[in-house]
Every structure is written in C-alpha cells, then in structure tokens.
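Please look through the model shown below before reading on. The paragraphs that follow lead from secondary structure to individual side chains and then to the open space in the protein.

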Amino acid sequence: MFSITVRDHLMIAHSFRGEVFGPAQRLHGATFLVDATFRRAELDDDNIVVDIGLATQELGAVVSALNYRNLDNEPDFKNTNTSTEFLAKVVADRLAERVHAGALGEGAHGLSGITVTLHESHIAWASYERAL
C-alpha cells in the first residue's frame, strides 16, 4: 500500500458535556496538528498516490472551515461532544466528499482510503480511518 501525508493545523474552542471530561467541561481552546494520509494499492499513471499540492490545498480548505471557531456555536455540532476522535472523522469525511467531487483530480478516484490524525500534543493524538 502506498501513501502520502499532508499536514495543517487547527485552532478551535469548545466545551464538553459529561463528568468524564472533568475541567474540559468548561469552554477551552485546543490547537491540533492535522495529518491527512491518502492511500492506494497501486500508483497512478504518473507514479503518484495523489497530487500532493491538491491534497494540501483541500486539507487547508476543510480545516479553514473549522479554524478559529467556537464549535459549541456551530449548527453542525449542536449538542455534540466535539472530541478529538469525532473531529478526526469530520475532517476525513469532508475530505472524502472532496475526493468524490473531483477536487483532488481524476487520479484521486483510485484512492482506497484516508486516515486523519489530530495531534493534541506531542504525547497524545487520535485518528479516524475510512475507505473511499
């Protein structure tokens, strides 16, 4: 399996509901490094996984729609604990929509999957992996 990974960052504010979250139940900020890994079994006709420039551009577009937002106020996330794991899935699903819409070029239709990893710090991160 071949893969490429592109990176961006995301800064949000949010709060959680539930005792399991302790002090994070209060409004707080979070900054994530966001890695998006694109996979395919065989390289395309140009011997690449996907156009790395387009992958970077589309990850940036997905992240920018969330960046500098209080997710508690976003209609898409009403009554939702926007955990790191949940947000990794949101980013992966939005990237998949862009792949299917052709935003990453025709070669991207040969991709088999995407994994998105949100790094909360140098010692903790969460990922979501999905097929295309």
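Helices (DSSP runs of H or I, at least four residues) and strands (DSSP runs of E, at least two) are numbered from the N terminus. This is a predicted model, in which local features need pLDDT of at least 70 and side-chain atom pairs count only at pLDDT 80 or more, while totals for chains, interfaces and linings use all residues. Residues are numbered from 1 along each chain as its sequence is written, and side-chain values use heavy atoms, with hydrogens and water left out.

A pocket is found on a 1 Å grid over the protein atoms alone, as an open set of points where a 1.4 Å probe fits, with protein on both sides within 12 Å along at least five of seven lines; lining residues have an atom within 4 Å of a point. The largest share of the lining of the largest pocket, four residues, comes from β2, and β2 and α2 each supply at least two residues of that lining. The lining includes His-28, Ala-30, Thr-31 and Phe-32, along with Ser-83, Thr-84 and Glu-85; His-14, Phe-16, Phe-21, Glu-120 and Ala-126 also line the largest pocket. About 180 Å³ of space lies in the largest pocket, where a volume is the space filled by probe spheres set on the grid points, which are joined across faces, edges and corners. By class, the lining has five nonpolar, five polar and two charged residues, with Ala, Val, Leu, Ile, Met, Phe, Trp, Tyr, Cys and Pro counted as nonpolar, Asp, Glu, Lys and Arg as charged, and the others, Gly among them, as polar.

The helices can be taken in turn. Buried means under 20% relative accessible area, exposed over 50%, and partly exposed in between, computed with a 1.4 Å probe on protein chains only. In α1 the buried residues are Ala-55, Glu-58, Leu-59, Gly-60, Val-62 and Val-63, and they pack against β1 (2-14), β2 (28-40) and α2 (84-100), where contact means heavy atoms within 4.5 Å. With 17 residues, α2 reaches 24 Å from its first C-alpha to its last, close to the 24 Å expected at 1.5 Å a residue. The buried residues of α2, among them Leu-87, Val-91, Leu-95 and Val-99, pack against β2, α1, β4 (113-119) and β5 (125-131).

What lies at the start of α1? A side-chain oxygen of Asp-51 reaches to within 2.8 Å of the backbone nitrogen of Gly-53, and a polar atom of the Asp-51 side chain lies 3.0 Å from the backbone nitrogen of Leu-54. Asp-51 belongs to the loop between β2 and α1 and, because its relative accessible area is 35%, it is partly exposed. The C-alpha atoms of Asp-51 and Leu-104 are 6.9 Å apart in space, although the two residues are 53 apart in sequence.

Within the strands, Leu-10 is found in β1 and is buried, because its relative accessible area is 0%. Leaving aside neighbours within four places in sequence, Leu-10 is in contact with residues including Ala-30, Phe-32, Val-63 and Asn-67. Asp-35 lies in strand β2 and is also counted as buried, because its relative accessible area is 11%. The side chains of Asp-35 and Arg-7 are joined by a polar contact of 2.6 Å; a polar contact is a pair of N or O atoms within 3.5 Å, and within protein one must be able to donate a hydrogen and the other to accept it, with residues adjacent in sequence counting only if both atoms are side-chain atoms. Ser-15, in the loop between β1 and β2, has a side chain joined to that of Asp-72 by a polar contact of 2.6 Å.

Backbone angles complete the picture. Most residues other than glycine have a negative phi. Asn-47, in the loop between β2 and α1, has a positive phi of about 65° although it is not a glycine, and Asn-47 counts as exposed because its relative accessibility is 57%. Asn-79, in the loop between β3 (69-70) and α2, likewise has a positive phi, of about 60°. Just after α2, Gly-102 takes a positive phi of about 90°.

Definitions and conventions: The expected span of a helix is 1.5 Å times one less than its number of residues.
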